[in-house]
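Let us walk through this model in two stages.

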Amino acid sequence: MFRRRLTALACSISALGLLVAGCGSSSSGGSPAAQKQTGQVTFWSFVKGSDQVAAAFNQTHPGIKVTFQTVPSGQEYYSKLENAVKAGTAPDVAVVEFPQLPEFATQGMLENLDSTLGPVVQSDFPDSVRQLVDLGGHTWGVPRDVAPLMLYYRNDFFAAHKIAVPKTWDEYQTMTQQVKAADPMARGGVLFTDNPGLLTALAWQAGAQWFGTKGDAWQVSLDDAASTKVADYWGDLAQHDLVSSLTTLDPFWTSVQQNRTVAYVCASWCAGSQQATVPDQTGKWSVAPVPTWDGKPASAMYGGSSFVIPKGAKDSAAAAEFIKWITTDPAGMKAWVASGTSSMFPADPQLVPVTKAAFQTGYFGGQDIYAVGSSSYDAVVPGWTWGPVMGTTNTAIVDQISNVAGGGVQLSAIFADAQQATVKDIEHRGMKVAP
Amino acid sequence: MASPSARAQRRTAALLLAPFFVLFAAATLAPLFYAGWMSLFTTRTSGLGFGGTRQVFIGLGNYVTALADPAFRNGFLTIAAYVAVYIPVMIGGALVLALLLDSALVKARSFFQLALFLPHAVPGLIAALIWVYLYTPGLSPVISFLNSGGLHVSFLSSGNAVFSAANIAVWEWIGYNMVIFYAALQAVPRETLDAGRIDGAGGIRTALSIKVPMIRPAIALALLFTVIGSIQLFTEPMVIYSASGAIGSSWTPNMYVQTAAFTRGDFGQAAAASLLIALFAAALSYLVTRFSRSRRQP
């Protein structure tokens, strides 16, 4: 309370004509609003390189002390963060992936960043990613990385069996048939049974818009034409055993290791995971643009993260300074990828050269995978927003997805069920849903 | 008028009982009342939801929502299917093993007792992780072995999940219950057994007509604990759920509570569902005790 009054006082003095930058209300263009030089910041993250980025920040910013605490990833983490906010023990800075951001914002868990980092978000990021953090007219997080889709394939397998790299989804289906014909154990794709993220991205790529706002109401359309088309396509591939149905972690990477998965669609970050998890297949993998429905470039994102200031943060100004450095400063971005093994794709396009220079491309035979990533990022279909109850939406999809391959359930029917569960939960929380 | 010695005795009793009641109040009653209090509220926001949230009193609304939710009700059906598989196999198996150990057939008695009890010493979470590893195609040596023999079994399909979960629980609990039954069998008077033998009863007849009826209280107790434990089924399916997606997030009632609290962030709903599960377990244990008592006193 005392500190806030002091800041207000400092601001009114500076408003007398001395300094303008630094006060809550100033949002003049791209000029840095947050210029705090001292403070204590606790920082929760599960993203690779978080410890290095905190250490690098501490070295270059002697006045601000960032204390990094590693946390688990996934739903466990979001429960932990939510409980911490409810209990008043929230950190000053936390990572939140794009899909979860609206849920945190609508549950009143986040500080509104309009006056601190809003201008940075306006000036530094393209619309396709800005729309993921600017919600309801306010800025809730600053994007760090995006996850444009790519096609990963075994160039040795494709060359040996004279299989062409697919450019459209029709050709992709043909490719999966050729792969299975060439080696009955091998498959040319995966339907992840424990994570709807990739499937959602593929619907997004096809032009679906699951969520939107109209006035003060949410629009929900998980079962629109584009989503149904994508669901029918992948459900069909799974039921004909042309792609395998696996969970995202061990079973999937084991299948890659054992040459049972020779092509798959994933985001940019998979490149780093691929070379870390299956190091002995060096030189055998290449990346290509993700296939599209009409042959024209189109893409979407599978993952990507932003940094937020949770409600109850003790030092928002220092937190904002830290967030700005780790998301938009070349030195900050360099610290993230210092290990040389992260294929993280920066949300700020100006920082792509930084990560590109750090990533060792030997695994991919020297291929410029960041060029594929950049064109994919440019082709991300605009207009997508995530919904306010993604936990419920995702759970409703995952609960049934493993039954698709057996033929027990149609994938498109799962989207219809998820639509119902989502609308029900939005209304249950008191929000409006447009008819 | 109580004599001074009786009063001193009462004071000692109160002193000795106090730690129990303090802990009982702090660790059982207080959370129970807190859950009851929380179950009457829900978090609401409005419009698009960016204007903040508020706590709203909704009376029994959370209970009505839980009972009306097919996902919650289906959890109890899962438990019914699980119990139908698990209880006969586990209790029956434990009984057979105890009777075998008690018979003259077994040589290295204490070795078998320890070997069968050993799985119970493994914490449930670890046990579930080990089994999920054994169930996962591509990792499991068991599945590769079965495949090489031409047998293709999918332990983690939604149809087999009940059996896979029951199998883990049987592995964990059969030795434990066997030890209880075996201990009860030691208390069967030798004279009764001798009398049976003199009347010409063989080993199997002795087991079925003398030993089993005489340890019925132990069996009833094991049954009671098993039924209550089954309603609370959580760890094994949760590990199966997170590892494979073969089952849904609300496969058992306790998983429904977990999802409500930690995926949907709806603590009121989770508290209401927990109390409903507790009520159901209380009612069921009452029925089991009634049932086993009436059988004992015909």
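The model is a predicted one. Start at the contact between the chains. Chain B brings 31 residues to it, and chain A brings 39 residues. The size of an interface is often given as the accessible area lost when the parts come together. Here, chain B and chain A bury about 2,700 Å² between them. Carbon and sulfur atoms give 51% of that area.

Which residues of chain B lose the most area to chain A? They are Leu48(B), Phe50(B) and Thr263(B). Together these three account for 27% of what the chain B side buries.

Next, look at the polar side of the interface. How many salt bridges does the rule find between chain B and chain A? It finds zero. Polar contacts are another matter. Eleven residue pairs are in polar contact across the interface of chain B and chain A, with both residues at pLDDT 80 or more.

Now place the chain B side on its secondary structure. Four elements of chain B are listed as giving two or more residues to the side that touches chain A: strand β1 (41–44) and the helices α11 (235–244), α12 (253–262) and α13 (267–296). By class, this side of chain B holds eight nonpolar, 19 polar and four charged residues.

Strand β1 (residues 39–45) of chain A runs parallel to β2(A), and seven bridges link the two. Phe43(A) has Phe68(A) in β2(A) as its bridge partner.

Further along the sheet comes β14(A). On one side, strand β3 (residues 93–97) of chain A pairs with β14(A) in the antiparallel sense, over four bridges. Strand β6 (residues 142–146) of chain A also runs antiparallel to β14(A), joined by three bridges.

Are the faces of β14(A) covered or open? Both faces of this strand (residues 305–308) are covered. Ser305(A) and Phe307(A) lie on one side, Ser306(A) and Val308(A) on the other, and all four are buried.

Conventions
Residues are numbered from 1 along each chain as its sequence is written. Chains are lettered from A and ligands numbered from 1 in the order in which they are written. This is a predicted model: local features need pLDDT of at least 70, side-chain atom pairs count only at pLDDT 80 or more; totals for chains, interfaces and linings use all residues. Side-chain values use heavy atoms; hydrogens and water are left out. Contact means heavy atoms within 4.5 Å. Buried area is the accessible area (1.4 Å probe) that two parts lose on being put together, summed over both. A salt bridge is a side-chain nitrogen of Lys or Arg within 4 Å of a carboxyl oxygen of Asp or Glu. A polar contact is a pair of N or O atoms within 3.5 Å; within protein, one must be able to donate a hydrogen and the other to accept it, and residues adjacent in sequence count only if both atoms are side-chain atoms. Ala, Val, Leu, Ile, Met, Phe, Trp, Tyr, Cys and Pro count as nonpolar, Asp, Glu, Lys and Arg as charged, and the others, Gly among them, as polar. Buried means under 20% relative accessible area, exposed over 50%, partly exposed in between (1.4 Å probe, protein chains only). Two strands pair if DSSP finds at least two bridges between them.
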